[in-house]
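Please read the points with the sequence and the coordinates to hand.

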Amino acid sequence: MTAIDPDLRTISTTCAYCGVGCGILATPDGRGGAAISGDPAHPANFGRLCSKGSALGETLGLTNRLLYPMIRCGKGIMERVAWSDALDHVAHRFQHIIARDGPGAVAFYLSGQLLTEDYYVANKLMKGFIGSANVDTNSRLCMASSVAGHRRAFGADTVPGCYEDLDEADLLVLVGSNAAWCHPVLYQRMLVNKQQRGARMIVIDPRRTDTVGDDDLFLGLKPGTDTALFSGLLVYLADNGALDRDYIERYTFGFDDAIARARSMAGSVSATALATGLSEQDVAAFFQMFASTERVVTMYSQGVNQSAQGTDKVNAIVNCHLATGRIGKPGASPFSLTGQPNAMGGREVGGLANQLAAHMGFTPPDIDRVRRFWKAPRIATHEGLKAVQMFEAIARGEIKALWVMGTNPAVSLPNADGVREALKKLELFVVSENVISNDTVDVGVHVLLPAQAWGEKSGTVTNSERCISRQRAFLGSPGEARPDWWIMGEVARRLGFGAGFDFHSAADIFREHAALSAFENEGARDFDIGALQSLSDSDFDAMVPVQWPVRQGNEPQARFFAEGGFFTNDFKARFVAPEIPALRTETTAARPLRLNTGRIRDQWHTMTRTGESPRLGQHLPEPFVEVHPDDAARHGLADGDFARVTTDYGQCTLRVIVSERQQRGMLFAPIHWSEANATGARVGSLVAPITDPFSGQPENKATPASITPYEYVFRGFALSRKPLALPEHAWSARVAVSGGHGYLFADNADLAGWQSWLKSFTTDDLAEYKDFGGGVYRAACFSGDRIETCLFIGPARDAGDWNVVKGLFAADTLGTDQRRMLLSGKSMDGLANAGPIVCACFGVGRNTICDSIAAGARSAADIGARLKAGTNCGSCIPELKRLIAQAGPGDPAQRKLATAN
């Protein structure tokens, strides 16, 4: 536990990660760190945190931190400059390019990590004053299809339900959502409902993820067939008396066209089974459960959104809820599980290129309304370029200046290699960041601007249920870091727009944002927080979480649409007749598999924050590809070996995990690794840049791919107090470890070369074990009684025990016996090997858990009582259950590695 100075005050703030929007209590330690715990008063989490949130205190250091403005000088190197010089340069170059090529030649690319106030200023500057709508966000990769689906059905991007519905539903349907790993706090809330109220759970996903296990039914459908499944459900509801005819008649339009289209693609249980690859029995069971349950919540996430048919998938789901009137009622609604901490806030202010502001669009009345409110001199009059199209326009030379804020597109966008090449063509490339180096920065940024990080920022964020929370500063800003809104405001002033950007605090911006939401609204628009437009600075500082709308004179509203009131011209919802689902790409003999991408439990985006946490790096420390056993056999792959995954856009080299939970013909690889932390593992470089025609969201789940074995003779690891530059010929992955830096690697080079590399920077106090004939080299350099650097290399599975040596490395001093045994790479008495970490929250390893099972633990609850594993966020519980099942009644001590998900 971190020692806390009693004079330092605990601050209530909001988590930096996903869209659940958990409340956090942060208590500074007076040394630049803080103790982190869940806020029991926050309605999103009631004190519970996931593994990532719990580890936020480990990510607050200044390692790799950008502390002052920098400009690339004539020599091609980045040099420190004064803020005034950096801002003058950015404004002058933007002004020059706009005057020469027009406002369409410049663009902003924003992030769901920004605060609402940052988003608001960026959107106002670009759309209202520069006059271009080329401002988009990495949220385009996350939830754009939900936005488009909501707008098509409801007339506005309205989330109709709330988290309380997860407590009150009798049927919970999860579609394309590994909530157990990606939204574990909400998932545990669902499990409480299941355990206490008997709610049933259905999981629909091509992968058997860790969300499967507590379900009552798993539907492992073929990729891209969600629309067919829910169209079949709509037909079943119509044919079995489950429609709410009164709701359809009074509050909706277009049902006849939607049901006709549904019948054409999935007109029966058997036709649905054929279209989706499911059994008729499972399809019928799903349809019957949905039809017979009034209180049903259908939750969907990236498996639905990240698709070239994502918007149609969303509307196919919404159609079923409209048809049954199960929307906006306690325990009944469609519900989008949002991926980023403030993707919703970005949507509110118009952070997407196809939105204007405050949930207004590019219609003549909305354009005029926003223009008058902002007193905007040259407001944008049409939609801008969405993310993928924006970077394609950069590649064509049409966009010449780009300002990236708080995101890493050279890793996260599809066709990431093409994105990197496009960035090199820019005349002006500006990045506002809190790290001095990442893949995007390293492409060749021209101007680096130091922005505040989480813990230093102050403003608001909005979570998946429309709840606005304060994100408060509890640390001082290091170096010359500034708020993003301040940086943009200073550039706006230099462009001659000072009167429109006379903001002195985040509270000033929030008040204007709230006022715009209510301007000429009168209930015509869903987003209205007008009651908050007159908050004083002290009231803003003390603001408690509140769910919008918060209209003048009205209480906050938890749900929408139970009795109609949609935001269309006739106030009726629209049924949408989706297109017949078809993947936009075909597999071939050269590309016989499909690549699915996604997240893992303990990492976030491109690991610029989570990659600094030792506990988060222990569960799955290396980039991997998951393969079904049949595909592994067909392509000559073995579990634990390496493989090269190739698509038409790039290739990666990844560790192989063979798993029956992966669908035949499919590969799965996580998105998190980049050139900054691994070799040849940027999975974004593999993904096809194909997008949904309505939302512009890319298809990240079904790129045609091939896989071949890639052999490395040697495996190994290195640990060091200082960062190391490993030889370029090695494949490697950097891992945060206690006390320094860890590296897992594989190589085919001569061992003598590794010995020479190590000796090039170590001291004389070097202990070595050499057996070059046997392919083994181990060495450790000491500073006093502490390991300074160590290197272990050996044949594939004989390099030494990473977990044992990592434990010794973390120690301040080694005893004589420990030092003597170090190069054996094996555990010794007095140093138990806990094994790979399963529970990141409490640092409980697999071997420790298996020992507990051998001692009689027969359930996850038993293990939790003995070891605390699984008692915080619960995201490791599925793995605990697998270890229990694998041990079996006859062999409780079996220690078979649970397959990564």
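1. Basis of the comments. The model is predicted, with local features needing pLDDT of at least 70 and side-chain atom pairs counting only at pLDDT 80 or more, while totals for chains, interfaces and linings use all residues. Residues are numbered from 1 along each chain as its sequence is written, and side-chain values use heavy atoms, with hydrogens and water left out.

2. Nonpolar cores. A nonpolar core is here a set of buried Ala, Val, Leu, Ile, Met, Phe, Trp, Tyr and Cys residues joined through side-chain atoms within 4.5 Å. Buried means under 20% relative accessible area, exposed over 50%, and partly exposed in between (1.4 Å probe, protein chains only). The largest core holds 124 residues, and Phe108, Ile204, Phe230, Phe286, Trp374 and Trp403 have the most contacts inside it. In soluble globular proteins, nonpolar side chains tend to be buried together.

3. Surroundings of Trp374. Contact means heavy atoms within 4.5 Å. Setting aside residues up to four places away in sequence, Trp374 touches Tyr120, Asn123, Lys124, Gly128, Phe129, Ala357, Ile379, Glu512 and Leu516.

4. Strand β9. Helices (H or I, at least four residues) and strands (E, at least two) are DSSP runs, numbered from the N terminus. Strand β9 spans residues 200-204, and four of its five residues are buried, so the strand is largely enclosed by the rest of the structure. Two strands are said to pair if DSSP finds at least two bridges between them. β9 pairs in the parallel sense with β8 over five bridges, and Leu174 has Val203 in β9 as its bridge partner. β9 also pairs in the parallel sense with strand β10 (residues 217-219), over three bridges; here Ile202 has Leu217 in β10 as its bridge partner.

5. Helix α8. This helix has 14 residues and reaches 20 Å from its first C-alpha to its last, close to the expected 20 Å; the expected span is 1.5 Å times one less than the number of residues. Because 13 of the 14 residues of α8 are buried, the helix is largely enclosed by the rest of the structure. Just after α8, Gly241 takes a positive phi of about 65 degrees.

6. Salt bridges. The rule applied is a side-chain nitrogen of Lys or Arg within 4 Å of a carboxyl oxygen of Asp or Glu, and the count comes to 53 salt bridges. One of them joins Asp239 and Arg263 at 2.7 Å, N to O. Asp239 lies in helix α8 (residues 226-239) and Arg263 in helix α10 (residues 255-266), so this pair ties together parts that are 24 residues apart in sequence. Asp239 is partly exposed at 45% relative accessibility, as is Arg263 at 38%.

7. Further salt bridges. In the pair Arg197 and Asp170, the closest N and O atoms are 2.9 Å apart. This pair links distant parts of the chain, with Arg197 in helix α7 (residues 184-197) and Asp170 in the loop between α5 (164-168) and β8 (171-175), 27 residues apart. Glu398 and Arg396 also meet in a salt bridge, at 2.8 Å, N to O; Glu398 is partly exposed at 43%, whereas Arg396 is exposed at 52%. Salt bridges that share partners join Asp366, Asp368, Arg369, Arg371, Arg372 and Glu520 into one network.

8. Gln302. This residue lies in helix α13 (residues 302-305) and counts as buried at 12% relative accessibility. Gln302 and Met143 are 159 residues apart in sequence, yet 7.4 Å apart in space, C-alpha to C-alpha. Leaving aside neighbours within four places in sequence, Gln302 is in contact with Leu141, Cys142, Gly176, Gly339, Gln697 and Lys701.

9. Backbone angles to inspect. Most residues other than glycine have a negative phi, and most peptide bonds are trans. Ala358 has a positive phi, near 50 degrees; Ala358 sits in the loop between α15 (343-349) and α16 (364-374) and is buried at 2% relative accessibility. Phe561 has a positive phi near 80 degrees, lies in the loop between β19 and β20, and is buried at 4%. The peptide bond from Trp548 to Pro549 is cis, with omega near 10 degrees, and Pro549 is placed in the loop between β19 (546-547) and β20 (573-574).
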